[in-house]
Amino acid sequence: MVIIFTLSLIFILFTQANFASKYLKIDSFEKPIFSIGVLIVLLNYFFFNLGLSINFVFNLILLISILSIFYTLINFKNYKKNKIKLLYVILPIIILFELIYIFYGQQFYVFRGNQQDTFVYMSVGLSFFNYTHQELINLKNNNYEIINHHYLNHALNLIYYRPSVSLLIGLLKNIPSLNIIFIGFYFKIICTILTLFSILSFFNNFSSKFKINIFFSYSFILSFFYFYNFEIDAYSLILSLPFFILIVKYSLTIENELKKFNQNLVKYIFLWSCFFIIYPNGAAIILLPVFI
């Protein structure tokens, strides 16, 4: 189940970026990250500014995904090698999570280490899935209360608390076979793969030895730092990590990019925008040292 869902989503994210990769020169490992970034921007704008339901946005994304798959199939020769590379990189980590899911199941992925944050993201995600922004505002203004600790009782006060993660969770809830608890586990798997792609793209800047770069990239996502945040369900932090790593990558050459407004500067601005939208307090802390 993990393998099927994960490979399907990574494939869709990869194909979506193919629309712009020719013009922005997006690296194959960066494509799923930029696709997630666009999705996050659209979700925030459509839900909060236009007042559209998550279900409507899901159907719109589904239509875009179908078009992107057709576009990729038409130009299959151009992307075949990149897809094989992506599969080669992510298969070990997906198999690891699949084995964990098979042998441990809910014993592993329910209430890992931070029930409070987990319930916040899950509850707000359910709120976004079940109600539009205006409906949530109306409920909040009417002092909505339900006995028996209904999830809305605490979710209504937190709908603006780093909402990007909850919007993605609400979006995934549209997939019929996924329950809300598994979505949390699945979400962390996707964040792990995106982080793997970003750190691999970063290391490719310094060495042409691809297998060595894969080794270093896996060392990072299996390190204490990453898995500590994975275990405590720091959803916003692990979702923002791929963007932060790519920001560091592009910061190394930003001096040259500032002299001419080219594709890398556009990508750099977009990465910072996504970082702030996902994890504003983390981005604010990182901004000063990166600027220096």
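Okay, some housekeeping. Since the model is predicted, local features need pLDDT of at least 70, side-chain atom pairs count only at pLDDT 80 or more, and totals for chains, interfaces and linings use all residues. Residues are numbered from 1 along each chain as its sequence is written, and side-chain values use heavy atoms, with hydrogens and water left out.

Let's start with charges. Side chains of opposite charge can pair when their charged atoms come close. How many salt bridges does a search of the whole structure find? Two, where a salt bridge is a side-chain nitrogen of Lys or Arg within 4 Å of a carboxyl oxygen of Asp or Glu.

One of them joins Glu30 and Lys249, at 2.5 Å from N to O. Glu30 is in the loop between helix 1 (2-24) and helix 2 (31-49), while Lys249 is in helix 13 (residues 235-251), so to speak a link across 219 residues of chain. By helix I mean a DSSP run of H or I, at least four residues, numbered from the N terminus. Both Glu30 and Lys249 are buried; that's under 20% relative accessible area with a 1.4 Å probe, counting protein chains only, while exposed is over 50% and partly exposed is in between. Lys249 also lies over the face of Tyr250, 5.3 Å from the ring centre. For that label, NZ of Lys or CZ of Arg has to be within 6 Å of the ring centre and within 35 degrees of the ring normal.

Then there's Asp233 with Lys188, whose closest N and O atoms are 2.6 Å apart.

On to rings. The whole structure has 28 aromatic pairs: rings of Phe, Tyr and Trp (its six-membered ring) with centres within 6.5 Å, called stacked if the planes are under 30 degrees apart, edge-to-face if over 60, and tilted for the rest. Phe97 and Phe230 have centres 5.7 Å apart and planes at 20°, so they're stacked. Phe97 belongs to helix 4 and Phe230 to helix 12 (residues 224-231), so this pair ties together parts 133 residues apart in sequence. Phe97 and Phe230 are both buried, and they belong to one aromatic cluster that also includes Tyr101, Phe182 and Tyr226.

For contrast, take Trp272 and Phe276: centres 6.0 Å apart, planes at 35°, so tilted. These two sit four residues apart in helix 15 (residues 263-278), about one turn. Trp272 is buried, at 10% relative accessible area, whereas Phe276 is partly exposed at 32%.

Quick look at helix 2. Of its 19 residues, 14 are buried. Just after helix 2 comes Gly51, with a positive phi of about 75°.

Last, the surface. Which residues form a nonpolar patch there? Leu87, Leu91, Ile95, Leu99, Ile102, Phe103 and Tyr104, with about 710 Å² of accessible area together. Tyr104 is in the loop between helix 4 (76-103) and helix 5 (106-109), and Tyr104 counts as exposed because its relative accessible area is 54%. That's my tour!

Definitions and conventions: Patches are made of residues with over 30% relative accessible area and no salt bridge: like charges are joined within 9 Å, nonpolar side chains (Val, Leu, Ile, Met, Phe, Trp, Tyr) within 5 Å. Accessible areas come from the Shrake-Rupley method with a 1.4 Å probe; for residues, only the protein chains shown count as cover.
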